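Hi there,

Here is the structure I promised to pass on to you. Have a look at it first, and then read on for a short tour of what turned up.

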Amino acid sequence: MPKPSLRTRLFLSHLLVMIVGLSSFVVIAKVSSPRMFIVRLEQLEKQGFFTVRTARTYLVKGFETAWNNSAIWSLIFGGTAAGFLSYWVSCRIMKPLNQMKDITEKLAEGNLEERMPESDIPELNQLGISFNYMAGSLENVEKRRRELVSDLTHELRTPLTVVRGYLEELSNNSIEPSPELYLKLVKETRRLERLIQDLQELSKAEAGYVSITLKPINLIPLLTALVERFSDQILDEGPSIKLDCPQNLPPVLADSDRTEQILVNLLGNAICYTEKGTITLKAWSDRNRVFISVIDTGIGIKPEDLSYVFERFWRADKSRSRYSGGTGIGLAITRRLVELQGGNIEVTSELGKGSTFTFSLSIA
């Protein structure tokens with residue numbers, strides 16, 4: 001036996017309330033009205049207005065007959081009016097729910113632009129707002145998925161085309177094998193390997209599968225070691241890197257390995273986009289948080305591009321980043337790793353003058 005729909009339940013619930021109310025009214029009136037009518041007649045007799053002893057029975061029966069007839073007509077007209085009203089109310093409540101069902105079916109078919117219209121019922125209107133927010137999120141996810149597939153295809157096509165071209169030329173004896181050629185092939189395969197590793201890392205980070213062990217750590221040795229490591233890797237004509245950190249910097253509650261990964265990504269990104277000038281690794285504390293900034297004097301970022309900095313495959317200078325071997329996923333991974341440690345990250349930049357990436361961690 002199929003279960004009754006919500007419309008049927010609403011309709012029956014209104015009718016049940018109406019029937020209980022009218023039945024209670026009729027039963028109570030049926031029991032109490034004749035008694036009260038007799039009491040009133042006795043009071044009038046005592047006051048000497050008139051004597052109705054002989055007519056009392058007739059009057060009571062007439063009153064009961066009149067009351068029964070009026071009660072029957074009241075039930076008929078009240079029940080009819082309540083039925084129509086219940087049906088109208090149930091249809092009015094079900095209309096936005098039916099609309100939501102239809103829109104949900106359209107969303108399932110791929111039509112993600114559908115939205116719920118505004119309702120004059122506050123609760124259903126709030127439900128519609130939440131539904132539209134969910135639909136917007138689904139549309140955004142689908143859009144990003146398509147962009148990801150497109151970007152990933154583009155990123156894979158370049159090294160694969162290079163490798164295929166060299167291999168075809170080698171198979172046709174168009175070029176002679178040489179150590180330089182093999183190094184080029186190795187370079188392209190390593191780029192593919194880095195891309196796959198970054199995608200795996202990002203997938204784990206966004207799904208929350210990355211192992212995060214929060215414990216008090218002293219940032220000063222980590223920051224010092226990173227500055228020394230990157231200083232050794234920078235060429236003489238490249239930028240200089242320095243540390244700006246107070247000696248009394250409090251320990252933070254963080255994962256040491258993941259914090260190092262964040263800093264390596266940010267410093268590596270700064271080096272890629274800074275030919276000359278200075279890269280500063282700065283740290284300071286404020287209230288219950290420690291802030292860490294990577295400040296460079298590189299090419300900067302356009303104001304309209306700042307909102308895309310932490311998106312997958314986004315680059316401030318695509319040709320330069322590709323030349324330097326970046327995959328365009330590092331900053332997306334960085335943001336997620338910061339968030340998993342209870343912090344947040346933001347960027348400020350001025351085109352042609354440099355960028356500043358700042359993230360925060362809780363003081364232990």
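Predicted model: local features only at pLDDT ≥ 70, side-chain atom pairs only at ≥ 80, totals over all residues.

**The sheet and its neighbours**

Strands β2 and β4 run parallel to each other and are paired through 5 bridges.

If pairing is new to you, here is the background: strands of a sheet pair through backbone hydrogen bonds, either parallel or antiparallel. In this model, 5 strands make up an open sheet, in the order β2-β4-β5-β7-β6, and the pairing is mixed. Its edge strands are β2 (240-244) and β6 (345-350), each of which pairs on one side only. From one strand to the next, the twist averages 15°.

Packed on this sheet you will find helix α6 (residues 256-272), which touches β2, β4, β5, β6 and β7 (354-362). The direction of α6 makes about 175° with that of β7.

**A hairpin**

Now go to β4 (residues 278-286) and β5 (residues 289-296), which are antiparallel and joined by 8 bridges. Within this pair, A283 is opposite I292 of β5, and S285 is opposite V290 of β5. The two strands form a hairpin, with 2 residues between them. In the turn, R287 has a positive phi of about 60°.

**Two helices side by side**

Two packed helices are described by the angle between their axes and the distance between the axes. For α6 and helix α8 (residues 330-340), the angle is about 145° and the axes are 9 Å apart. The crossing of α6 past α8 is left-handed. On the α6 side, the contact is made by R258, Q261, I262, N265, L266 and N269; on the α8 side, by G330, L331, I333, T334, L337 and V338.

Which residues of α8 are buried? They include L331, A332, I333, T334, L337 and V338. After α8 comes G342, with a positive phi near 80°.

Let's turn to the nonpolar cores. The largest has 43 residues, and L219 and F359 have the most contacts inside it. Helix α5 (residues 219-233) gives the most to this core, with 7 residues. Another core, of 7 residues, lies apart from it and has M100, I103, M116 and A135 among its members.

What does F359 touch? Leaving out residues up to four places away in sequence, F359 is in contact with I262, L263, L266, V290, F291, I292, V338, N344 and I345.

S360 lies in strand β7. Is S360 buried or exposed? S360 counts as buried because its relative accessible area is 1%, and the cut-off for buried is under 20%. Its side chain makes a polar contact with the side chain of R289, at 3.1 Å. Again leaving out residues up to four places away in sequence, S360 touches R289, V290, F291, V338, G343 and N344.

Happy exploring, and do write back with any questions!

Best wishes

Definitions and conventions: Residues numbered from 1 in each chain as written. Heavy atoms only, no water. Pairing = 2+ DSSP bridges. Helix = DSSP H or I, 4+ residues; strand = E, 2+ residues; numbered from the N terminus. Axes fitted to C-alpha atoms, helices over the stretch in contact; angles between N-to-C directions. Contact = heavy atoms within 4.5 Å. Buried < 20%, exposed > 50% of the residue type's maximum accessible area, 1.4 Å probe, protein only. Polar contact = N/O pair within 3.5 Å; in protein donor to acceptor, adjacent residues only side chain to side chain. Core = buried A, V, L, I, M, F, W, Y, C linked by side-chain atoms within 4.5 Å. Left-handed = near helix turned anticlockwise from the far one by under 90°.
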